[in-house]
Amino acid sequence: MSLRESFRLDEALRSLDTVQLAKVSGRLVRVSGMLLESLGCQRMTGQRCFVEQGDGSMLEAQVVGFNRDITYLMPFKKPVGLTSGSRVFPAPDDAKLHIDESWLGRVVNGLGEPLDEMGKLSGRDPLPTELPSVNPLKRKPVSEPLDVGVRAINAMLTLGKGQRVGLFAGSGVGKSVLLGMITRQTKADVVVVGLIGERGREVQEFLLHSLGEEGLKKAVVVVAPANESPLMRLKATELCHSIAAYFRDQGNDVLLLVDSLTRYAMAQREIALALGEPPATKGYPPSVFGMLPELVESAGNGANDNGSLSALYTVLAEGDDQQDPIVDCARAILDGHIVLSRRLADAGHYPAIDVCASVSRCMSQVGQPPHLGAARQLKEFYSTYEKIKELIPLGGYSPGADLKTDRAVKLAPTIERFLRQEVGEAAELETSLAILQSIIKQP
């Protein structure tokens, strides 16, 4: 045997050590709702597995907990034909998503699988499975205004690039319509949209009417409707943030829209309760209030000076309760809240933004002193008018008794017209500020 042949034989013998002689698998021992229990497939929490279904297909699931030898799994999709003893295989660790500019214009689910029948997605850069995080000392500050094309927000609640804001309202008050207006009119390089836990019919409507053909070209849409599993809704929300952070770090101005943050909290509540976590506030377990700040903090500006990530979340106030635990938690961790009023919506005032109950915590950083002063005066006039509005028809208001009240009543019709806006109407930031100044200068 020659020296070369001997070397090749040694290499072949060494390679046998890496050959997997048996395929490790566990077995399914219990199914309770969407929670699966298995034995023999030991994986770390957060890792994925494949469960063999009755028709021979594989159901992808994720480890969400364990109890001694029992591993708890949560499937991403509805299980079909599971039986006692079904085999559970560990998923390969190299099954990671890769992303680049080819993702723009695509619609995907929470696993990054395409829903638009335009072929498989690929990319040059690996997409992290964990939520992105930025050192708070290196995060780029919010210093530039963000033009969202809505007059009431631009003038009275000016937002900044990198700000995270919530749209707070009950059901049927116009959150999704306002979100569509902002989507069409905001100047951004990339738009990432997460439609989480909402009605399935709204997906196509959002693509056609809110984004449009041109808007979709610079957008990535992640969809997990209400009929998806809670884990899929959770993963879809987190995938939105990972995608938005990737394009932000590439130097783009990114707008992230999530509809809605409440459905994300509800998905985590379903998983936590299934695992036996005790409910704390109105049925929400403590883990929900720990995950919300972690999610929100993954948005915002990064350490790169040439990119920004502005985030807009809709938050459902159940029963119009502004003290709902999720509403209260979101209000504390976000950089501002825009409250939509059912009273204004019932009066035909759209968008139904209650400027007196709303606030932008970054407005003082991106607005000039004349603008800030004018916004404060207009809010003061509007608030004064709202207090006496119901007394006017009853004769409870006497002109001349108070000059400030007289001016508020006189400016009220102009202010209301200023705060209203048609769905297809665009209102640029500079134009909105000019109109605001002209209203305040009226005698």
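**Close-up views of cavities, pockets and a helix pair**

**View 1. The second largest cavity.** Strand S15 (253-259) and strand S16 each supply at least two residues of the lining of the second largest cavity. The model shown here, and in the other views, is predicted. S15 gives the most to this lining, with three residues. The cavity holds about 40 Å³ of space. Its lining consists of Leu146, Lys161, Thr186, Lys187, Ala188, Asp253, Val254, Leu255, Ser308 and Ser310. By class, these are four nonpolar, three polar and three charged residues.

**View 2. The largest cavity.** A search of the whole structure finds three cavities of 30 Å³ or more. The largest contains about 60 Å³ of space. Leu146, Val148, Leu159, Gly160, Gln163, Val165, Ile182, Leu255, Ser310, Ala311 and Leu312 line the largest cavity. S16 gives the most, with three residues. The lining has eight nonpolar residues, three polar ones and no charged ones. Leu146 lines the largest cavity and also the second largest cavity of View 1.

**View 3. The largest pocket.** This pocket has a volume of about 1400 Å³. It is lined by 48 residues, and Gly46, Arg48, Gln62, Thr129 and Lys235 are the closest to its centre. Five elements are listed as giving two or more residues to the lining: strand S3 (48-52), strand S4 (58-67), helix H5 (230-249), helix H6 (261-274) and helix H7 (286-297). H5 has the largest share, six residues. Domain 1 (22-90) and domain 2 (98-364) each contribute at least three residues to the lining. By class, the lining divides into 24 nonpolar, 12 polar and 12 charged residues.

**View 4. The second largest pocket.** The volume here is about 550 Å³. The lining has 24 residues, and those nearest the centre are Lys175, Ser176, Val177, Arg199 and Glu202. Helix H3 (175-185) and helix H4 (201-216) are the elements that give two or more residues to this lining. Seven of the lining residues are nonpolar, eight are polar and nine are charged.

**View 5. The pair of helices H12 and H13.** H12 spans residues 403-419 and H13 spans residues 429-440. Their axes come within 11 Å and cross at roughly 165 degrees. H12 is therefore roughly antiparallel to H13, as angles over 145 degrees count as roughly antiparallel. The crossing of H12 and H13 is right-handed.

How values were computed:
Residues numbered from 1 in each chain as written. Predicted model: local features only at pLDDT ≥ 70, side-chain atom pairs only at ≥ 80, totals over all residues. Heavy atoms only, no water. 1 Å grid on protein atoms, 1.4 Å probe; cavity = no way out; pocket = protein on both sides within 12 Å on 5 of 7 lines; lining within 4 Å. Points joined across faces, edges and corners; volume = space filled by probe spheres on them. Helix = DSSP H or I, 4+ residues; strand = E, 2+ residues; numbered from the N terminus. Nonpolar A, V, L, I, M, F, W, Y, C, P; charged D, E, K, R; others polar. Domains from an automatic or database assignment. Axes fitted to C-alpha atoms, helices over the stretch in contact; angles between N-to-C directions. Parallel < 35°, antiparallel > 145°, perpendicular 65-115°, else oblique. Left-handed = near helix turned anticlockwise from the far one by under 90°.
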